[in-house]
Amino acid sequence: MFTLRGTLAGLRHGRTFATGIVLAGLLTVTPAPAMAQDDPNPGALTISGGYDFLNQYMFRGIRQHSTGIAMWPWADLGIAAYSGEGGLKSASINFGTWNSLHTGDTGSDGPSGELWYESDFYVTFGLGFGGGVSFSTTYTAYTSPSNLFSTVKEIMFKLALDDSGYLGGGAVKPYVLIAQEFDATDINPVTGLPGQADGGAGAGTYMELGMSPGYTGTRVSVAVPVKVGLSLSDYYEFNDTNNTFGYFSVGGLVTVPLGGTTKFGSWNVHFGAEYQRLGDGPAFANGGEENKGIFSGGIGFTY
C-alpha cells in the first residue's frame with residue numbers, strides 16, 4: 001500500500017509489538033467499565049493513546065522506509081455499548097486514528113520533504129461471548145498526507161480467545177484474522193499505484209494466525225507475541241508472482257506502569273523487540289533481505 005512500494009520496490013505498513021499489543025486489544029472488545037473506587041473514569045467511555053519510536057516500520061512484512069526512524073502517535077475512543085450476563089457478554093465500538101511520522105527516505109529526508117507519511121482512520125465493532133471468545137469487525141482507511149501512496153480501504157474480521165480463564169498463567173490467547181481490501185482501483189497521481197498493500201494488480205485478502213502468551217503483574221507486564229502472515233488471494237504480489245507465505249514474526253514487549261491509576265488515567269512506558277522472517281515476496285520488496293530486526297519504545301495512557 002505505501003510508497004516504498006513504487007519507488008523502492010514495494011514497501012508497506014505494519015505495526016510492531018510496542019503499539020501492536022495495545023491496538024490488538026482495540027481490535028477485539030472493550031470490556032464493560034470497572035466501578036472500582038480508584039477508577040477516575042468509571043463511565044462507558046475510555047480514551048487511550050500513545051507515542052512510539054521505531055528503527056524500522058514494517059507492515060505485515062513489507063517495509064515502509066529504508067533510512068531514519070518512525071514515530072507513531074495514535075489515539076482511540078472506546079465505547080462500552082452493552083454488558084450482560086447471557087450468551088452475549090459485551091458489545092463495544094472503537095473509533096481511532098493512527099499515524100506514522102518518518103525522518104528518512106519516505107519522510108522529511110525523502111522526495112516529499114514531509115514528516116507525516118501515513119494517517120489511518122478506523123472504526124471497530126466488537127462482541128464478547130462466554131468462555132473468553134470475542135469477535136470484531138474493523139474498517140480502516142490507510143491514507144498518506146504526503147501523497148506517497150494511494151488510500152487503501154480494508155475491512156477486517158478477527159476471532160480471538162482469551163484462554164486465561166482455563167490456563168491461567170499458561171494462557172496463549174490465540175487469534176485469527178482475515179482482512180479484505182476493496183475499492184482498490186484508485187490511482188495515486190504521484191506514484192501511479194493503485195490503493196493496495198502491495199501495489200499489485202488486484203485487491204488482496206490477508207490472513208493472520210497468532211497468539212500472545214505473557215505475564216501481567218502489578219509492576220511489569222511481559223508479552224511474547226507470535227504470528228504468521230499469509231496471502232489468501234493477491235496480497236503478496238511481487239515480481240509477477242502471488243506468494244502465499246508473507247512472514248513469520250516473534251517478539252517481546254515489556255510494559256511498566258507509571259505510578260498506578262491517577263485522576264489523569266493510567267500511564268506506562270514500554271519497550272519491544274521483534275524478529276521477522278520474510279517470505280519470497282516481501283523479501284523481494286525488501287531488497288532481498290529475508291531477516292528484519294525491529295526495536296521500539298514509547299509511552300501510553302488509558303483514561
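Predicted model: local features only at pLDDT ≥ 70, side-chain atom pairs only at ≥ 80, totals over all residues.
Student: What does β10 span, and is it mostly covered or open?

Tutor: Strand β10 covers residues 205-211 and is mostly covered, with five of its seven residues buried.

Student: Which strand does β9 join, and over how many bridges?

Tutor: Strand β9, residues 175-182, is joined to β10 by six bridges, and the two run antiparallel.

Student: And how does β10 pair with β13?

Tutor: That pairing is antiparallel too, over seven bridges, with β13 made up of residues 226-233.

Student: What lies over the face of Tyr 175?

Tutor: Lys 158 does, at 4.6 Å from the ring centre.

Student: Changing topic. How many aromatic pairs does the structure hold?

Tutor: There are 12 aromatic pairs. One of them is Tyr 235 with Tyr 236, an edge-to-face pair at 5.2 Å centre to centre and 85° between the planes.

Student: Why does Tyr 235 count as buried?

Tutor: Because its relative accessible area is 1%, and the cut-off for buried is under 20%.

Student: Tyr 236, buried or exposed?

Tutor: Buried, because its relative accessibility is 0%.

Student: Which residues form one aromatic cluster?

Tutor: Tyr 57, Trp 72 and Trp 98.

How values were computed:
Residues numbered from 1 in each chain as written. Heavy atoms only, no water. Buried < 20%, exposed > 50% of the residue type's maximum accessible area, 1.4 Å probe, protein only. Helix = DSSP H or I, 4+ residues; strand = E, 2+ residues; numbered from the N terminus. Pairing = 2+ DSSP bridges. Phe/Tyr/Trp six-rings, centres within 6.5 Å; stacked < 30°, edge-to-face > 60°. Lys NZ or Arg CZ within 6 Å of the ring centre and 35° of its normal.
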